[in-house]
Each structure stands twice: as C-alpha cells, then as structure tokens.
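Dear colleague,

I am handing over a structure that you have not worked with before. Please have a look at it first, and then read on for what was found in it.

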Amino acid sequence: MKSTQQALRTQLRQQIRKTRANLTALQQQQAEDSITQQSLALIEAQNAQHIALYVSFDGEISTDKLIKTLWAQDKHVYLPVLHPFNPNHLLFLRYLPDTLMLKNKFGIWEPKLNVQNVLPLKELDILFTPLVAFDKQGNRLGMGGGFYDRTLQNWRNSSFIPVGLAHQCQQVEQLPTEAWDVPLHQILVA
C-alpha cells in the first residue's frame with residue numbers, strides 16, 4: 001500500500017507533467033534559449049570540460065542547442081544510459097554527432113552501449129539532471145525510478161556538481177521528500 005507521502009509525490013508528478021506538457025512551442029523555445037545561456041555561463045565559470053546532459057523527454061527543456069554549442073566549443077558531452085547489469089543505475093557515455101542512438105525501455109534516446117565510451121562519474125565536471133518538480137531547498141522530484149538519486153547519492157564526495165534544469169512552472173513551495181532524495185547543488189530555471 002502506498003504511503004500518503006508516495007501518493008502526494010505521484011499526484012505532484014502527474015500535475016506538473018501535465019502543466020509542462022501544456023507549454024507552447026514558443027515557451028519551450030524561450031526556455032531552451034534561457035537554459036542554454038545560463039548553462040554556458042555556469043560551464044565557463046566552472047571551467048568544465050566533461051559535461052553530462054540528457055536527451056529531453058516528456059516536455060523537459062530541450063538540451064539540443066546546448067549540446068551543439070558544447071560540441072562547437074570542443075567540450076566533452078556525455079549522456080546517461082541504463083546500466084545493463086546494475087538495474088536502476090546509470091552509466092554516462094561520450095556523445096558525439098555521429099553516436100548511434102537507440103531508444104531504451106522507457107522510450108528515451110540514449111547512446112548505444114560501448115564500454116570504451118563510458119566515463120566514470122568522478123571524471124565529470126557538471127552533471128545536468130532532468131526533473132519533474134523542485135523546491136527552493138534544491139530538492140528534486142524525478143520520474144520515480146530513482147536513477148538520478150542513485151547516481152547522485154555520493155556526489156558531495158565527487159568532483160562534479162549536479163545541476164537541475166527546469167521550467168519555472170515546475171517549482172513548488174516544498175516537495176514531500178524521502179530519505180533517499182538527494183538535493184541538487186543548483187537548479188537553473190527558465
């Protein structure tokens with residue numbers, strides 16, 4: 001049986017995803033432009049070379065322009081891939097313009113697994129994460145699989161910083177949190 005906390009989180013996920021899905025193409029484009037500029041400023045300030053991003057899905061702010069700009073700047077871009085042997089965990093693979101992409105079991109595009117392209121988490125500089133909702137305390141609510149929570153559980157002992165990317169409409173006053181939730185270092189909002 002679901003706890004009240006879990007029920008609240010599920011309801012919040014549905015509500016915010018619906019709100020996000022109702023954004024217009026113009027609102028999405030403006031958000032992408034804003035997030036691209038904010039992300040590039042942060043990357044420059046951090047002198048980051050190894051940047052993990054994600055392929056946008058389900059109304060998330062598009063990362064296409066940011067990825068193309070990073071490639072043009074000779075930065076190394078990585079995308080998450082579902083770990084083949086460690087369920088509910090992610091690997092981060094180098095992503096280049098000619099990388100073969102496949103849809104995973106959730107219908108999300110990811111690079112075809114090639115162990116030679118895996119980068120250990122500790123070698124990342126910035127890990128940009130998707131999210132469904134967030135609050136002022138840096139708490140994030142994901143899609144519910146816990147993939148990023150597991151990835152980020154020890155980020156304070158790593159060299160990278162986790163940064164969420166979100167539309168303003170995804171912010172809530174306070175998220176109902178669970179023990180395994182990992183607050184983000186920063187959230188960029190458009």
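Asn88 is partly exposed, with a relative accessible area of 34%; here buried stands for under 20% relative accessible area, exposed for over 50%, and partly exposed for what lies in between, computed with a 1.4 Å probe and with protein chains only. Before going further, please note that this is a predicted model, in which local features need pLDDT of at least 70 and side-chain atom pairs count only at pLDDT 80 or more, while totals for chains, interfaces and linings use all residues. Residues are numbered from 1 along each chain as its sequence is written, and side-chain values use heavy atoms, with hydrogens and water left out.

Asn88 sits in the loop between β2 (76–82) and β3 (90–94), and although it is not a glycine, its phi is positive, at about 65°. Asn47 likewise has a positive phi without being a glycine, in its case of about 50°. Its place is the loop that joins α2 (25–45) to β1 (50–52), and with a relative accessible area of 58% Asn47 counts as exposed. As background, most residues other than glycine have a negative phi.

**The chain as a whole**

The chain has 4 helices and 10 strands, where helices (H or I, at least four residues) and strands (E, at least two) are DSSP runs numbered from the N terminus. Read from the N terminus, the order of these elements is α-α-β-α-β-β-β-β-β-β-β-α-β-β. The radius of gyration is 16 Å, close to the 16 Å that the globule rule gives for 190 residues, so the chain is as compact as a globular protein of that length; the radius is taken over C-alpha atoms, and the rule is 2.2 Å times the number of residues to the power 0.38. Along the principal axes, the C-alpha atoms fill a box of roughly 45 × 40 × 30 Å.

Of the 190 residues, 46% are buried. Contact means heavy atoms within 4.5 Å, and among contacts between residues at least 6 apart in sequence, 71% join residues at least 24 apart.

**The nonpolar cores**

A nonpolar core is a set of buried Ala, Val, Leu, Ile, Met, Phe, Trp, Tyr and Cys residues joined through side-chain atoms within 4.5 Å. The largest one holds 44 residues, of which Ile43, Leu53, Leu70, Ile126, Leu127 and Phe128 touch the most other members. Helix α2 gives this core its largest share, 5 residues. Apart from it lies another core, of 7 residues, including Val132, Ala133, Leu141 and Leu175. In soluble globular proteins, nonpolar side chains tend to be buried together.

Which residues does Leu53 touch, if those up to four places away in sequence are not counted? Among them are Thr63, Leu66, Ile67, Leu70, Val77, Phe128, Tyr148 and Leu165.

Leu165 belongs to strand β9 and is buried, at a relative accessible area of 3%. Beyond its neighbours within four places in sequence, Leu165 is in contact with residues that include Ile35, Ser39, Leu53, Tyr54, Phe128, Thr129 and Leu188. Although Leu165 and Ser62 are 103 residues apart along the chain, their C-alpha atoms are separated by 9.6 Å.

Thr129 is part of strand β6 (residues 126–129), and its relative accessibility of 0% makes it buried. Not counting residues up to four places away in sequence, Thr129 touches Tyr54, Arg140, Tyr148, Leu152, Val163, Gly164, Leu165 and Leu184.

Val182, in the loop between β9 (161–166) and β10 (186–189), counts as buried at 9% relative accessibility. Leaving aside neighbours within four places in sequence, the contacts of Val182 are Arg140, Asp149, Leu152, Gln153 and Trp155.

The C-alpha atoms of Ser56 and Pro87 are separated by 22 Å, the two residues being 31 apart along the chain.

With kind regards
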